[in-house]
Amino acid sequence: MGLITLEGMSFYAHHGYYTDERKRGNNYVVDVQISYDLEAAGVSDDLDDALNYEIVYQVCRKEMNNPRHLIESVARSIAHGIKGHFPDTDHVRVKVKKLNPELGGPVDMAACVYIV
């Protein structure tokens, strides 16, 4: 067993509860951790036995391009999308960070972590 992680995937997306937020868009960062049996890939050194990182990234990109009101919804969709492609995963953990959210004062980021 082990963890596959993709960290710091950057996206410009149009999520937000308010219409102006969705129109303007914002910068987001997505981190993914996937608990997965690495033994077969570790022995064979063959991508066919591994969890393909490119597919994980494509799932993230697809969901980030689908505007939503809440980052909770985005994180959930990413997690379930990954789980749908790789049903043998034990756990998928997705963190979606919205950089510099408009909250009335300086805030580096707002984040949501979803685990399935």
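Visitor: What makes helix 3 and helix 4 a crossing pair, and at what angle do the axes cross?
Guide: The axes of helix 3 (residues 53-64) and helix 4 (residues 71-85) come within 9 Å and cross at roughly 145 degrees. Axes are lines fitted to C-alpha atoms, for helices over the stretch in contact, with angles from 0 to 180 degrees between N-to-C directions. Helices are DSSP runs of H or I with at least four residues, strands are E runs of at least two, and both are numbered from the N terminus. This is a predicted model, where local features need pLDDT of at least 70 and side-chain atom pairs count only at pLDDT 80 or more. Residues are numbered from 1 along each chain, and side-chain values use heavy atoms.

Visitor: Which residues of helix 3 and helix 4 meet?
Guide: I55, V56, V59, C60, E63 and M64 in helix 3 meet V74, S77, I78, G81, I82 and H85 in helix 4, contact meaning heavy atoms within 4.5 Å. By class, this contact has eight nonpolar, three polar and one charged residues. Ala, Val, Leu, Ile, Met, Phe, Trp, Tyr, Cys and Pro count as nonpolar, Asp, Glu, Lys and Arg as charged, and the others, Gly among them, as polar.

Visitor: Why is D108 called exposed?
Guide: Its relative accessible area is 67%, and exposed means over 50%, buried under 20% and partly exposed in between, with a 1.4 Å probe and protein chains only. Therefore D108 counts as exposed.

Visitor: Where is D108, and what does D108 contact beyond its neighbours within four places in sequence?
Guide: D108 is in the loop between strand 3 (91-99) and strand 4 (109-115). Leaving those neighbours aside, D108 is in contact with K98, L99, N100 and P101.
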